[in-house]
Amino acid sequence: MDALEAKYAAAKRYSETAMGLVFLLCGVLAVAFVLLISAYLILSGLPAIREVGLLDFLFGPVWAPTHKTEPQFGILPFILTSVYGTAGAVAVGVPVGFLTAMFLSKLAPRRLAAVVRTAVDLLSGIPSVVYGLVGMTVLVPAVRRVFRLPSGATLLAAILVLSVMILPSIISVSETALNAVPREYEEASLALGATETETWFRVSAPAASSGIAAAVVLGIGRAIGEAMAIMMVAGNVANMPGLFKSVRFLTTAIASEMSYAGVGSLQRSALYSIALVLFLFIMLINVILNLWFKNKREG
Amino acid sequence: MEQLSLHRRMYDRGLRLLLRLAAALVCALLAGLIGVIFLQGLPNLTWAMLTSEPSVIRNITGILPNILNTVALVAGTLLIALPLGVGAAIYLTEYAASHRLAAVIEFAAETLTGIPSILYGLVGMLFFCQKLGWGSSIRAGILTLVIMILPTIVRTTQESLKTVPQSYREAALGLGSGKWRMIRTLVLPASVDGIVTGCILAVGRIVGESAALLYTAGSAAVLARSLGELLTTSGGSLTVALYMYSMERGKIEVGFAIASILMVLTLLIDLSAKLVGRKLRRN
Amino acid sequence: MDILSTRGLDLWYGDNQALKHIDMDIPERQVTALIGPSGCGKSTFLKTLNRMNDLVPAVRVEGLVTYRERDIYAPGTDVTWLRRQVGMVFQKPNPFPMSIYDNIAYGPRIHGVRSKARLDDIVERSLKGAAIWDEVKDRLKKSALSLSGGQQQRLCIARALAVEPDVLLMDEATSALDPISTSKIEDLITELKEHYTIIIVTHNMQQATRISDTCAFFLLGELIEFGQTTQMFSMPRDKRTEDYITGRFG
């Protein structure tokens, strides 16, 4: 009997230790994946940058990797397009998103708020290729007609598509922030004779500003990382950005070069370098976001 | 009795109107998207298209292989990512004795969530397709997606594990139960709804993903004769097929037909996540 | 001269009657204290006077409440105007998460004061009026949340004064504060009654005797006794008042 019990206890100890190790392994694997991705992007991104030269690569205004005699590898057009496109999407998406969040948090009756929230959830679930398809068939022709352009596949079309795509995250993060504003602030304002709208915009919104800022940063991250939808509406030409020009983003440069560049060519390695630049952008945004949340938690 | 000044009254009315307009715009955008997609998609969606393999020679348009590829990608990814993600979450909330390691893992998970899917696609292509020599294949797609959705699963699992009251754990451990036994019999059952919600969200992301798949799983639309063949050959998901039909082959109507399938899936996924969430709150 | 009056005031939260037929006349430029055990309706009554009860869902008010002979529940009444006349200080200090200056300037700005010089003047006067100017004059641009609890409450009083109210409602304004801060605010209240009508809700009977001229005792939504504070605390007319002020329940 004792022997059996001892055996059972040993088996139990054994399985306990084993499961602990299994879970540890899972955790370590998760870290390993991040390391794998970072290492791959950095290692494969560096050679082309070294060959082209960092400054020529980052600030070169011409991308002509297939030119017979003098191929050029400047990604400034992509960087600027990503920056302008993101800024444009934020400029359009944030006001609409913020106002909708305010509507949901303060003005809407409960039922209506539930309906609008469902709409927001659905918008966030729609695949990006579907946004791209509708953008390509509805928005692009509309832009062409309205502005009398030879082609509607422009930075403007991309900005509009991106601004719709970042709306859901801006709305839900801002709404959470607005809902978290202590009731006492709003009461104090009303007791001073402020109207409800004055209270929402002059007290609640400033009190929720760090959360709203986080929503904006999140939106920036989304917009800068989107590839397929804007691939379908931006025309995908390596121009310097202009609102009515066909353009290529950092993400779409990666996606479009991936299918054409021959393995081992400088063009191929330059594509990895573009990915590295995008990765660094995203990491920067991540760091900003993390610092923000940490500050908020402490402050 | 004194009245609110005209200026303030206008400000108040104007802002209320603006808030309503913004919300109406958001709803109108969704309604417009759904309308456009279903109006142009549903008429083109035929039973034959859903159940046949495409052939250029015989001029058949079919998306059956793409449907099967999507199912394979969802199933394969969840099969690997679910145990791995739940395991990592359990380690983080129940075991991690060293807070530094836990912080590193959490930071890693957070960082992974922010990385755009096109970068997952690129690294997946570099590592699985080229380095391991698998070429464009469903298995390369699956592993790429595993890395991509792992953080989502870890995070949602962790959140639901944290809602299990500490007193349960203390009671179980106080009775002499081992940690694993306590997790298996108490903690996991109490948080299963949250894990299911996480899975549904993950399914939504996989079904909607395209950038990470285009160059890892590829874009072929051929019916595989065996599971092995399915996993090792190139296969385009529905999203990738949508992209190929509308961008490369100029068959917009097929694109819309696929888009309407994707919209229905999106609606179903959102609905089921809501139902599970509601059940979660009720308990 | 009575500044605020109620006649037959009834108030319900849903089906729950919280105030029963209250008749009261509140004298101008005096301190009126509302006392009674928790849940007796004194805070609810206070909030009917500037219609802050409007914010509570499913609240219903019947009867007459007048401010300077105007029915404040009449349709078309501008509540922002009313709340400007009848200011309020809350139990928990609630400065906005902004600078000290912006906290005080918030009300005047809302009501249309734009000039920097006038705002500066109002801020200084209000802070002096709330006896906190000397403590904060060198850090007006600092966050109001950096002040101590007692300072925050005086800041809130200054913020209420900045819109030049006529009446000041104080809902247990010292209950969250330490004794020293409490006595500072009590001194302040005594000074403020030269210019303002002040109505306080308090749990603290000593406080009511120290600073109020008139006193109202509430029990279970009814006004049991109303009169001179000295009279009420020396010779209560009602047995229930006597039981409460002598500490037999509460």
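## Briefing: contacts, a sheet and cysteines

Chain A and chain B bury about 6,900 Å² between them, and 80% of that area lies on carbon and sulfur atoms. The model is a predicted one, and the values below are computed from it.

**Chain A with chain B**

- The contact between these chains draws on 78 residues from chain A and 76 residues from chain B.
- On the side of chain A, Phe23(A), Tyr40(A) and Met258(A) supply 10% of the area buried against chain B, which is more than any other three residues supply.
- Three salt bridges are counted between chain A and chain B, and one salt bridge joins the side chains of Arg16(B) and Glu196(A), with a distance of 2.8 Å from N to O.

**Chain A with chain C**

- Between chain A and chain C about 1,700 Å² is buried, with 66% of it on carbon and sulfur atoms.
- This contact takes 17 residues from chain A and 25 residues from chain C.
- In chain A, the residues that lose the most area to chain C are Ala191(A), Leu192(A) and Arg202(A), which together account for 37% of what that side buries.
- The count of salt bridges between chain A and chain C is one, and the side chains of Glu184(A) and Lys92(C) meet in a salt bridge at 3.4 Å, N to O.

**The two domains of chain B**

- Chain B is assigned a domain 1, covering residues 6-44, and a domain 2, covering residues 47-282, and the C-alpha centres of these two domains lie 32 Å apart.
- Eight residues from domain 1 of chain B and eight residues from domain 2 of chain B take part in the contact between them.
- Domain 1 of chain B and domain 2 of chain B bury about 730 Å² between them, of which 83% is on carbon and sulfur atoms.
- Within domain 1 of chain B, Ile37(B), Phe38(B) and Asn44(B) lose the most area to domain 2 of chain B, together making up 61% of what that side buries.
- Across the interface of domain 1 and domain 2 of chain B, zero salt bridges are found.

**An open sheet in chain C**

- Strands of a sheet pair through backbone hydrogen bonds, and the pairing may be either parallel or antiparallel.
- In chain C, four strands form an open sheet in the order β2-β1-β4-β5, and the pairing is antiparallel.
- Strands β2 (16-27) and β5 (70-71) of chain C stand at the edges of this sheet and each has a single partner strand, so one side of each is left without a neighbour in the sheet.
- Strand β4 (residues 59-67) of chain C is joined to β5(C) by two bridges, the two strands running antiparallel, and Tyr67(C) stands opposite Arg70(C) in β5(C).

**A buried residue in a loop of chain C**

- Asp238(C) is placed in the loop between α9 (229-234) and α10 (239-245) of chain C, and Asp238(C) counts as buried because its relative accessible area of 19% is under 20%.
- Leaving aside residues up to four places away in sequence, Asp238(C) touches Ile224(C) and Glu225(C).

**Cysteines**

- A disulfide is a covalent bond between the sulfur atoms of two cysteines.
- Over all chains, the structure holds zero disulfides.
- The sulfur of Cys40(C) has its closest cysteine sulfur in Cys215(C), at 11 Å, which is too far for a bond because a disulfide needs the two sulfur atoms within 2.5 Å.
- Cys40(C) is buried at 2% relative accessibility, and Cys156(C) is buried at 4%.

Note on methods:
Residues numbered from 1 in each chain as written. Chains lettered and ligands numbered in written order. Predicted model: local features only at pLDDT ≥ 70, side-chain atom pairs only at ≥ 80, totals over all residues. Heavy atoms only, no water. Buried < 20%, exposed > 50% of the residue type's maximum accessible area, 1.4 Å probe, protein only. Pairing = 2+ DSSP bridges. Contact = heavy atoms within 4.5 Å. Domains from an automatic or database assignment. Buried area = accessible area lost by both parts, 1.4 Å probe. Salt bridge = Lys/Arg side-chain N within 4 Å of Asp/Glu carboxyl O.
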